[in-house]
Amino acid sequence: MAQGGSLALRKVMDMLLSAESLPIAIGAIAAEAGVELLPINASEIRAQNIASELCDRNSGARYPCLYVYCERVSNTLREKFRKFSGAARMVIEIRGSQERLDGLEERLRLYADAVAKTLENNRGDWGDGVYYAGGYEVAFGAVRQGGKNYLQTAKAAFEVEISY
């Protein structure tokens, strides 16, 4: 059995890469807001915790993109006689970039809303002992230089319960 953080990361990636989750949420949020949002392709969803400066220099990142990683794992042994019984704090980092400042923050907020909607729609048992209760928090970073000219990030952090 995979370790807690790796197992949770795999489950989050499966959820985001599912054709029924994030693409549908992006389409619904865009239609509701009356704006056009670029879809986030599977190649733009990565299981990495890497600084945006390194991505721009080394891999020529495409925007918008998502970076998914496990920030913290805690084995609290809530369930006795289990190998692992605790939680993993997961982060989905949304990065948006464009040449002009106009609309960058608004678009990033809409992508963050789509990620939040995806999480809300996937509450419950994810299988293999991973359970998501539904809570999350989203933090927005300041606009800075990077990417196509200007870059802004938002981080959606949430906990999944793990037991195996």
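## Reading a predicted model: core, pocket and loops

Mentor: In this predicted model, valine 160 touches Ala8, Gly86, Ala87, Ala88, Met90, Trp126, Val130, Tyr131 and Tyr132, leaving aside residues up to four places away in sequence.

Trainee: Which residues touch the most other members of the largest nonpolar core?

Mentor: That core has 37 residues, and those touching the most other members are Val12, Leu16, Leu66, Ile92, Phe158, Val160 and Ile162. At least two residues each come from helix H1 (4–17), helix H2 (22–33), strand E2 (65–75), E3, H4, strand E5 (130–132) and strand E8 (149–163), while H4 provides the largest share, seven residues. Apart from this core lies another, of six residues, including Ala61, Tyr63, Cys65 and Tyr67.

Trainee: Where do leucine 77 and phenylalanine 81 lie, and what is the phi of each?

Mentor: Leucine 77 is in the loop between E2 and E3, and phenylalanine 81 is in the loop between E2 and E3 as well. Phi is near 50 degrees for leucine 77 and about 70 degrees for phenylalanine 81, a positive value although that residue is not a glycine.

Trainee: How do you know that the peptide bond from tyrosine 63 to proline 64 is cis or trans?

Mentor: Omega for that bond is near 0 degrees, and the bond is cis. Proline 64 itself sits in the loop between H3 and E2, and it is also one of the residues closest to the centre of the largest pocket.

Trainee: What is known of the largest pocket and its lining?

Mentor: The largest pocket holds about 200 Å³ of space, and its 13 lining residues include Leu38, Ser97, Gln98 and Arg107, which are also among the closest to its centre. By class the lining has seven nonpolar, three polar and three charged residues, and H4 gives the most, with four residues.

Trainee: Which element has the lowest mean pLDDT?

Mentor: Helix H3 (residues 52–58) has the lowest, 73, and strand E6 (residues 137–140) the highest, 98, while the protein chain averages 92.

Notes. Residues numbered from 1 in each chain as written. Predicted model: local features only at pLDDT ≥ 70, side-chain atom pairs only at ≥ 80, totals over all residues. Heavy atoms only, no water. 1 Å grid on protein atoms, 1.4 Å probe; cavity = no way out; pocket = protein on both sides within 12 Å on 5 of 7 lines; lining within 4 Å. Points joined across faces, edges and corners; volume = space filled by probe spheres on them. Nonpolar A, V, L, I, M, F, W, Y, C, P; charged D, E, K, R; others polar. pLDDT = per-residue confidence, 0-100. Core = buried A, V, L, I, M, F, W, Y, C linked by side-chain atoms within 4.5 Å. Buried < 20%, exposed > 50% of the residue type's maximum accessible area, 1.4 Å probe, protein only. Contact = heavy atoms within 4.5 Å.
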